[in-house]
Amino acid sequence: MKQIFDPSNFNVNWDYRTMLIVEDVEPNFRHLQKALKPTKAIILHAKTGNEAIDICATNANIDLVLMDLHLPGINGYVATREIKKIRQDITVIAQTAFVFSGEKQKCFDAGCDDYIAKPIRSEELIYKIRTCLIDSGKEA
């Protein structure tokens with residue numbers, strides 16, 4: 001039997017967490033925002049890699065970044081490397097529709113802590129975030 005990830009089993013309340021969604025496609029951003037709404041996390045939005053770097057450099061409250069890899073200007077790989085230079089403590093989860101061979105390893109090589117393929121299911125997203133926060137030593 002396939003395991004179903006049910007975020008309600010985790011009693012997720014992240015009202016003390018700040019998450020940055022880096023996504024240039026508005027419907028994709030709204031989908032992620034809606035998926036995270038029940039967690040009560042504070043959600044910030046960046047549409048470019050440069051904007052994401054600037055936000056992470058100036059906001060010490062950011063706990064986690066959901067990084068789209070294919071962005072206008074600098075891509076998510078470069079943005080992740082720059083963010084990790086500034087703030088190694090930030091958890092970065094790559095999100096992409098492109099699941100080519102080697103893509104996952106490229107994400108880890110860039111400094112991402114995990115990877116999620118689009119289309120993103122809300123339950124899987126909550127589970128991945130929770131797992132990444134725990135793995136990085138943060139309360140989830």
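User: In which strand is the place of M19?
Analyst: This is a predicted model, in which local features need pLDDT of at least 70, side-chain atom pairs count only at pLDDT 80 or more, and totals for chains, interfaces and linings use all residues. Residues are numbered from 1 along each chain as its sequence is written, and side-chain values use heavy atoms, with hydrogens and water left out. Strands are DSSP runs of E with at least two residues, and helices are runs of H or I with at least four, both numbered from the N terminus. By that numbering, M19 has its place in strand β1.

User: Is M19 buried or exposed?
Analyst: A residue is called buried under 20% relative accessible area, exposed over 50%, and partly exposed in between, using a 1.4 Å probe and protein chains only. The relative accessible area of M19 is 1%, so M19 is buried.

User: How far apart in space are M19 and A41, C-alpha to C-alpha?
Analyst: Contact means heavy atoms within 4.5 Å, and, leaving aside neighbours within four places in sequence, the residues in contact with M19 include A41, I42 and I43. Although M19 and A41 are 22 residues apart in sequence, their C-alpha to C-alpha distance is 6.8 Å.

User: How are α3 and α4 oriented to each other?
Analyst: Axes are lines fitted to C-alpha atoms, for helices over the stretch in contact, and angles run from 0 to 180 degrees between N-to-C directions. The axes of α3 and α4 are 8 Å apart, and the packing angle is about 25°. Angles under 35 degrees count as roughly parallel, over 145 as roughly antiparallel, 65 to 115 as roughly perpendicular, and the rest as oblique; α3 and α4 are therefore roughly parallel.
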